[in-house]
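Please read these points with the model open beside you, and look up each residue as it is named.

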Amino acid sequence: MKVDMIIQDVWVFQTVTQSFVKKNVSIKEGKFYYISNTEMNNLTPETIIKAENQYMIPGLIDAHMHIESSMTTPTIFSKAVLRYGVTTVIADAHEMANVFGLEGLDEFMKAETELDIFHAIPSSVPSTTPALETTGGIIGLAEVAELLKNPKIICLGEAMNFKGIAYEPESLIQQIIDLCKKERPTMPLEGHCPKIYDEELADFLFSGITSDHTHQFPDSLKEKIEAGVFIQFQNKSITPENMSVIVDNAFYEYASIITDDVMADDLLHGHLNENVKKAVKAGLPLERAIYMTTYTPARRMGFNDRGEIAPGRIADFILLRDLKDFTFDAVYKSGKKVYEKGAEIEYPAVVEQFPASYKQSVHCKLLTADDLLIRVATDKKSVRCNVIQKQEVGTFTERITKEIPVKNGILQWQEADCALLIVMERYGKNGNISLSLMDKPISENGAIATTWAHDHHNVMVMGNTLEDIILAQNELVEIQGGYIVVSNGEITGKCPLPIGGILSQAPIEELGGDLQKVRASMQALGYKNMNEIMSFSTLSLPVSPAIKVTDKGMMNTKTQEFYPLIFPEDGELLNENTD
């Protein structure tokens, strides 16, 4: 019998035993065919690979991620991640949907790529409700019904609106969940439930959601798994303490390793493979880590055609010599080599052709100094204000109270070591401008601006001098989106994202280099976090604990109630288009 390929004497990862066994592997029509520890004399291959004691593992599967987090498009992303052994992803393109709605999703899903990209229905567009944040697009019941007809859709993307899911049976998100359960009863329903415990966790899971990919902690990890939650470990949750919970309880069947978000500059160095290495370093046995990036995500998403090296499965695989180093000699997709060690990325000559309007999507006024004066009606010399305090690890924030001077009816926030945080509606719908305060987010004079503001992607600017804030915002609007960092009147970092203010079609090397400069410029301002870009971009995410900002104001993300900037008993905020 003729076959396409035989790989001789290779150490095959045997999924059922989670161990390596020396085998000969044949491939036919892009799928694994006969696998044996004996000679294959009855097969006639077009190609023979003498593995010479190389290891073979299945192609890695990332079961929860956002292509837009890499700030690139599907065709560029495909080329960038295949070299890291990633052969299948399930993309939740809710960033694209928040900006362009169903049309944007259709544009994303029609991209042709070597990488297998399946999609989740963006369940949270907006992440809360239109009353709480303004987005460019909305995914409602009609849009979900249309998406359910698409074979590329295989799950409901992360449902984030805890209050709507747990306690509001008529909420849009609950109606979306009910529709998915009716039309696709076996389809996975993905969840987002940070710091939810006990009966509240039961209230959330009662909806039918069965997974969580948010920041995990050892004291609640066991509770979640025993409650039936499939855990997806993103980078910040891969800690020795969390891995111990998995190992000590043999919870390997109930978890996978994912990326969720990988920035463009990080994509220069790795993707899901880096999280595998981190998990092993944190105490997870390598064979278990491979299992949790191949078989368990395949099973979670209902893939019966991939995730293991077995007859009839798609021939997605990796060849490598050093398991400890976990660097790859070659990557194969459907039996064809798509990467060889040392090769440079060859980007396709033709990439996605987005509508011209996608590059002219930032519609808001240019800020002036007058817009940034916080006017207060009060007879007091100082007023108490609600202030946001960010953390240096993760994306959580806290609310604190500060006493801030008032002079001639103007709040003197700079005298209280605060920075101004502005969110401006950029879709031309209402012109909202919200003003909030942060407690010493930077130590040097400057400002940071972006349109990559989770998840509504309005214009967001933070700074401690009016001049720098204005320069950053004006430049951001001029380039139609991206990231801008300003220090003492000079632009020190710039990363243009001209497609919807969230994407670029530049080669990853160029895009990643620009983002590295932005990151370095933020660090030079004294912005401290394990991931400066993600920390800043999630200051606007109203489903992430505990206090975040939209164009409508400063919100308690659990109760979905807005905090006033100034305590009402101390004074009244007089600015228009603010809380």
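The numbered points below go from the whole chain to single residues.

1. Please keep in mind throughout that this is a predicted model, and that every value in this note was computed from it.

2. On overall form, the C-alpha trace of the protein chain spans about 95 × 50 × 45 Å along its principal axes. The radius of gyration of the protein chain is 25 Å, which agrees with the value near 25 Å that a compact globule of 579 residues would have.

3. Among the contacts in the protein chain with a separation of 6 or more, 68% are between residues 24 or more positions apart.

4. How far apart are the mean positions of the positive and negative charges of the protein chain? There are 53 positive and 80 negative charges, and their mean positions are 4 Å apart.

5. Thr134 deserves a careful look, and its place is in the loop between strand S8 (116-121) and helix H3 (141-147). Is this residue, Thr134, buried or exposed? Its relative accessibility is 6%, and because buried means under 20%, Thr134 counts as buried. The side chain of Thr134 is joined to that of Asn430 by a polar contact of 3.1 Å. Leaving aside residues up to four places away in sequence, the residues that Thr134 touches include Glu425, Tyr427, Lys429 and Asn430, and also His456, Asp551 and Lys552.

6. Ile257 is placed in strand S13 (residues 255-257), and at 1% relative accessibility Ile257 counts as buried. Which residues does Ile257 touch, when those up to four places away in sequence are not counted? Among them are Ile61, Phe233, Ile238, Leu272, Leu284 and Met292, together with Asn275 and Thr293. For a sense of distance, Ile257 and Asn458 are 201 residues apart in sequence and 31 Å apart in space, taken from C-alpha to C-alpha; Asn458 is also one of the residues that Thr134 touches.

7. Thr186, found in the loop between helix H5 (172-183) and strand S10 (189-191), counts as exposed, so its 77% relative accessibility falls in the class over 50%. Gly283, in the loop between helix H9 (272-281) and helix H10 (286-291), counts as partly exposed at 46%. Thr186 lies 90 residues from Met96 in sequence and 26 Å from it in space, C-alpha to C-alpha, whereas Gly283 and Glu444 are 161 residues apart in sequence and 39 Å apart in space by C-alpha positions.

8. Asn531 lies in the loop between helix H13 (508-524) and helix H14 (532-537), and the side chain of Asn531 reaches the backbone nitrogen of Met534 at 3.2 Å. Apart from residues up to four places away in sequence, Asn531 touches Met263 and Arg519.

9. Please check the backbone at two cis peptide bonds. The bond from His454 to Asp455 is cis, with omega near -20°, and Asp455 has its place in the loop between strand S23 (446-450) and strand S24 (459-463). A cis peptide bond also joins Pro545 and Ala546, where omega is about -5°, and Ala546 lies in the loop between H14 and strand S27 (547-550).

10. Finally, please check two residues with positive phi. Asp9, in strand S1 (residues 2-14), has a positive phi of about 50° although it is not a glycine, and Asp9 is partly exposed with a relative accessible area of 40%. Gln560, which is not a glycine either, has a positive phi of about 60°; Gln560 is placed in the loop between strand S28 (553-556) and strand S29 (561-563), and at 14% relative accessibility Gln560 counts as buried.

Conventions. Residues are numbered from 1 along each chain as its sequence is written. This is a predicted model: local features need pLDDT of at least 70, side-chain atom pairs count only at pLDDT 80 or more; totals for chains, interfaces and linings use all residues. Side-chain values use heavy atoms; hydrogens and water are left out. Helices (H or I, at least four residues) and strands (E, at least two) are DSSP runs, numbered from the N terminus. Buried means under 20% relative accessible area, exposed over 50%, partly exposed in between (1.4 Å probe, protein chains only). A polar contact is a pair of N or O atoms within 3.5 Å; within protein, one must be able to donate a hydrogen and the other to accept it, and residues adjacent in sequence count only if both atoms are side-chain atoms. Contact means heavy atoms within 4.5 Å. The radius of gyration is taken over C-alpha atoms; the globule rule is 2.2 Å times the number of residues to the power 0.38. Lys and Arg count as positive and Asp and Glu as negative; His and the chain ends are not counted. The place of a charge is taken as NZ of Lys, CZ of Arg, CG of Asp or CD of Glu.
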